[in-house]
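Hi everyone, thanks for having me.

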Amino acid sequence: MDHDALPRPPLHDFPDASIRWLLQSPANVRGLLLAVAPEVVDRLDFARLRPVPRTFIHDSFREREADTVFHARYRPLDGSEERDVWLYLLLEYQSNPDPLLPFRLLYYMVHLWESERREQAERNVPEGRQRLSPMLPIVVYTGSRPWERLGSIAELCEVPRELAGFLPRFDSVFFNVGTAPVERLQAGGDPIGEVLRLFRDEALPTPPFALDVDQASRRFGELLRKGERERAWRLIWFVVGFIRNRRPSDEQELLLEVVRRAMHDEEMIREVNIMAKTFAEDQLERGKAIGTELGMERGKELGKELGKELGKEQGRELGKTEAKRETLLEQMRLKFGPLPAEVEARVTGLTDLARLNE
């Protein structure tokens, strides 16, 4: 397998970065939509799916969101001319539902439209002829807590009834992996549904989860036999990363062996071993780095505590010196009256407590 022809797979920020990497494959995007939004699959031209850089997202969100953005060609149901649409996929991994998600979606959507408007302005398209592409936002929730629907901007506002019509409104697809039946995840027969199933069954004990891993690995093995090695490689890498990052350490080798046995492909078995080792080495290095950082932080805390104690001691000494200077000056004023400035300056400049006592 020609590794140079493949994008470097991510090791950190699993699963966010890994999902974005997985969905660089148009076939995987199509497979995901077969499960979560089958009504739009036949209307999109996946051969012309174009990923969009995520530079429009604010830095505070960019690295923590498992989202991908595409420009796609859409064929309307009424048979009219096909047109560009934004396809915005957001996979939500938080354990708890996020009531502010409608606002976050609106934030992303507006920034996408702003990037489109700016691009047209740079091409000197007259303002009267500038047009914005329709938006198809899709949210896939994989958390364990119940979440029946996405909600709306109106539900985030305390608004009088007569003003409700002035609030922004938009539709979106919301898909809860945890409550979806297996048949829905496997709709269309695409193997990407097995990835969603891993998230759905993540809380299962080892034996039933191992069955999920076995079935997923066998499906990906079928892709190998069909000659879809790049796609199979991406999916298998994701499963190995899932095992390394989201399953207990005492069951990881068992699950990895399940993946190996399902392959029936010596080259891919070697790849699985490389993947597993790479993830393990990366986790070890990250563990060392975290340990070093924690050690440094602990050292800083100890240094602060020591500094406080030293500061207290120095403060006490400075306090004694300052008190002694004031006492000496007061005694001299009582004996000699007002002191010349140069005398006060000489006394004020004394820092040696023994000299002041003398």
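Okay, let's begin with helix α6, residues 192-200, and helix α7, residues 206-225: they pack at an angle of about 165°, and their axes are 9 Å apart. Before I go further, keep in mind that this is a predicted model. If you wonder why I quote those two values, it's because two packed helices are described by the angle between their axes and the distance between the axes.

So how do α6 and α7 run relative to each other, parallel or antiparallel? An angle over 145 degrees counts as roughly antiparallel, and therefore that's what we call α6 and α7. The crossing of α6 past α7 is left-handed.

Which residues do the touching here? On the α6 side we have Glu194, Val195, Arg197 and Leu198, and they meet a set in α7 that includes Phe209, Asp212, Val213 and Phe220. Sort the residues of this α6 and α7 contact by type and you get 6 nonpolar, 1 polar and 4 charged.

Now look at the next pair, helix α8, residues 229-246, and helix α9, residues 249-263. Their axes come within 9 Å and cross at roughly 165°. By that angle, α8 and α9 are therefore roughly antiparallel to each other. And the handedness? α8 passes α9 in a right-handed crossing.

For the contact itself, find Ile236, Val239, Val240, Ile243 and Arg244 in α8; across from them in α9 are residues including Leu255, Leu256, Val259 and Met263. The tally for α8 with α9 is 8 nonpolar, 1 polar and 2 charged.

Glu92 belongs to strand β3, which covers residues 83-92. Is Glu92 buried or exposed? Its relative accessible area is 2%, and buried means under 20%, so Glu92 is buried. What does its side chain touch? There's a polar contact of 3.3 Å between the side chains of Glu92 and Arg104.

Last stop, Pro99. You'll find Pro99 in the loop between β3 and α4, the helix at 101-122. Pro99 has 58% relative accessibility, so it counts as exposed.

How values were computed:
Residues are numbered from 1 along each chain as its sequence is written. This is a predicted model: local features need pLDDT of at least 70, side-chain atom pairs count only at pLDDT 80 or more; totals for chains, interfaces and linings use all residues. Side-chain values use heavy atoms; hydrogens and water are left out. Helices (H or I, at least four residues) and strands (E, at least two) are DSSP runs, numbered from the N terminus. Buried means under 20% relative accessible area, exposed over 50%, partly exposed in between (1.4 Å probe, protein chains only). A polar contact is a pair of N or O atoms within 3.5 Å; within protein, one must be able to donate a hydrogen and the other to accept it, and residues adjacent in sequence count only if both atoms are side-chain atoms. Axes are lines fitted to C-alpha atoms, for helices over the stretch in contact, and angles run from 0 to 180 degrees between N-to-C directions. Angles under 35 degrees count as roughly parallel, over 145 as roughly antiparallel, 65 to 115 as roughly perpendicular and the rest as oblique. A crossing is left-handed if the near helix is turned anticlockwise from the far one by less than a right angle, and right-handed if clockwise. Contact means heavy atoms within 4.5 Å. Ala, Val, Leu, Ile, Met, Phe, Trp, Tyr, Cys and Pro count as nonpolar, Asp, Glu, Lys and Arg as charged, and the others, Gly among them, as polar.
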